[in-house]
Amino acid sequence: MVLIPLLGGAGWWYFREQPFPDYGPAYREYAYVTNGKSNTVSVIDLRTFQPAKTIAVGLDPTGVAANSKKNEIYVVNTGSNNVSVIDAEKNAVVATIGVHGKPYFIDVAEDGKRAYVANSGSANVSVIDLEKRAVISNVRVGLAPGLARVSPDGATVVVSNRGDNTVSLIDAKLLRVRATLPVCQHPEDVAILTDSSKAFVACSGSSQVASIALAGGHGGSGLAGDRVLALLDVGTTPVSLALKPDGGELMVCDFDGDSISIIETGNDEVGSSPLIGRNPTHAVVTLDNSRLYASNFGSNSVAVYDIDMGRRIATVAVGSRPDGLALSQDQKYLLVLDTQAGDVTVIQKRTPRKLEPTEYSLLTMIPVGVQPNGIVVKSFMMTGPAKK
């Protein structure tokens with residue numbers, strides 16, 4: 001009888017969740033989730049994994065992005081054709097910027113000065129000056145542009161035009177299209193190498209990925225100008241791309257192939273296409289290039305793929321219809337958008353132990369709004385007076 005409470009206390013100590021790190025009273029880390037059918041953004045405090053605030057934005061919010069140079073978040077409102085600017089320190093909307101018809105995504109330049117929004121309903125890209133909080137140009141591109149991605153050097157904006165199977169390359173300095181390239185069918189997601197020498201475009205309609213040389217990129221491709229280098233056959237219905245931080249490999253989520261295709265970016269070769277789960281939609285790679293996490297929309301799970309070992313090492317059950325993913329700043333927590341369940345599953349990565357051999361566990365599930373469809377994490381130090 002005496003040993004029972006002692007053993008219970010020892011068990012609690014062994015299996016308890018580790019305390020969250022304390023970075024000081026001025027540190028903030030939030031996840032911002034767009035709720036498409038609630039016209040809101042849910043703010044989750046990643047210091048405590050508790051809901052912090054619900055912010056009203058425009059109609060049908062979809063894409064969301066963070067500014068790496070200032071404490072601002074940008075939300076694309078597809079239904080009201082505008083962008084909400086959220087002050088991350090106040091967690092309040094401080095500006096609304098009108099764009100054109102049916103925008104879905106937004107991308108922010110690395111210097112934090114400009115943002116680019118592809119307007120699928122009006123065949124153009126709105127260029128936003130983030131200091132002035134105003135549109136400074138609307139650049140005409142191809143039909144039904146889905147995404148505009150700016151290169152790391154800020155020189156080129158790559159636009160996937162789903163309506164006419166082309167890619168528009170915008171000169172970001174001159175704000176005009178310098179090349180329009182025919183590619184594969186239904187181009188959608190775009191990934192650009194860190195040296196800005198190449199772009200890769202997933203084409204869901206032809207099960208291919210286009211490799212494109214970018215003029216002016218640091219990899220030497222600028223000598224021959226902008227051009228399509230190759231059309232790479234991957235799994236069925238590639239819908240999204242995840243580039244390793246070191247740029248050596250590109251991971252392609254093949255929705256109808258239940259696989260990920262791994263492309264060697266240096267020589268444009270598809271290395272392998274291992275099965276990952278039913279209907280993978282999004283993937284994210286850890287900063288140390290060691291692990292890939294993929295959301296399996298059709299099997300309500302997240303797959304953990306060890307890149308060095310070349311195999312799936314775990315599958316973690318989450319909520320219904322998982323889609324978007326994000327990692328916490330310390331890479332120890334994976335946030336999963338459960339689009340049908342209306343919540344965010346938090347998966348914890350921990351050090352396996354003898355009596356607790358699993359490396360991944362479900363930490364919590366946080367309710368958000370109806371149809372969450374975009375997520376971004378922002379960590380920063382408060383610039384004004386900070387309170388705990």
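**A walk through the chain**

Begin by selecting Cys 253, which counts as buried because its relative accessibility is 1%, where buried means under 20% relative accessible area, exposed over 50% and partly exposed in between, with a 1.4 Å probe and protein chains only. Before going further, note that this is a predicted model, in which local features need pLDDT of at least 70 and side-chain atom pairs count only at pLDDT 80 or more, while totals for chains, interfaces and linings use all residues. Residues are numbered from 1 along each chain as its sequence is written, and side-chain values use heavy atoms, with hydrogens and water left out.

**The whole chain**

Now zoom out and colour by secondary structure: the chain comes to one helix and 32 strands, with helices (H or I, at least four residues) and strands (E, at least two) taken as DSSP runs numbered from the N terminus. Along the principal axes, the C-alpha atoms fill a box of roughly 80 × 50 × 35 Å. The radius of gyration of the chain is 21 Å, which agrees with the value near 21 Å that a compact globule of 388 residues would have; this radius is taken over C-alpha atoms, and the globule rule is 2.2 Å times the number of residues to the power 0.38. Buried residues make up 55% of the 388 residues.

**The disulfide**

Next select Cys 184 and Cys 203, which form a disulfide with their sulfur atoms 2.1 Å apart, a disulfide being a pair of cysteine sulfur atoms within 2.5 Å. Cys 184 lies in the loop between β15 and β16 while Cys 203 lies in strand β17, so the pair ties together parts that are 19 residues apart in sequence. Both cysteines of the pair, Cys 184 and Cys 203, are buried. The structure holds one disulfide, and the angle of 65 degrees about the S-S bond makes the link of Cys 184 and Cys 203 right-handed. Returning to Cys 253, you will find that this residue is in no disulfide, the nearest cysteine sulfur being that of Cys 203, 15 Å away.

**The largest nonpolar core**

Show side chains for Val 158, Val 167, Leu 169, Val 183, Ile 212 and Leu 214, which touch the most other members of the largest nonpolar core, a set of 16 residues. Such a core is a set of buried Ala, Val, Leu, Ile, Met, Phe, Trp, Tyr and Cys residues joined through side-chain atoms within 4.5 Å. At least two residues of this core come from each of β14 (166–171), β15 (176–182), β16 (187–192), β17 (198–203) and β18 (208–213), and the largest share, three residues, comes from β17. If you centre on Val 183 and leave out residues up to four places away in sequence, the residues it touches include Asn 165, Thr 166, Cys 203 and Val 228, contact meaning heavy atoms within 4.5 Å.

Stay in this region and display β14 and β15, which run antiparallel and are joined by six bridges; two strands pair if DSSP finds at least two bridges between them. Within this pairing Ile 170 stands opposite Val 177 in β15, and among the four residues between the strands of the hairpin, Leu 175 takes a positive phi near 55 degrees.

**Two open sheets**

Move to the open sheet whose four strands follow the order β8-β9-β10-β11 with antiparallel pairing. At its edges stand β8 (103–108) and β11 (134–140), each with a single partner strand, so one side of each is left without a neighbour in the sheet. Inside the sheet, β10 (residues 124–129) and β11 pair over six bridges, and Val 125 stands opposite Val 139 in β11.

**Last stop: a buried loop residue**

Finish with Ser 290, in the loop between β24 (280–285) and β25 (291–296). Is Ser 290 buried or exposed? Ser 290 is buried, with a relative accessible area of 18%. Apart from neighbours within four places in sequence, Ser 290 is in contact with Tyr 305, Asp 306, Ile 307 and Asp 308.
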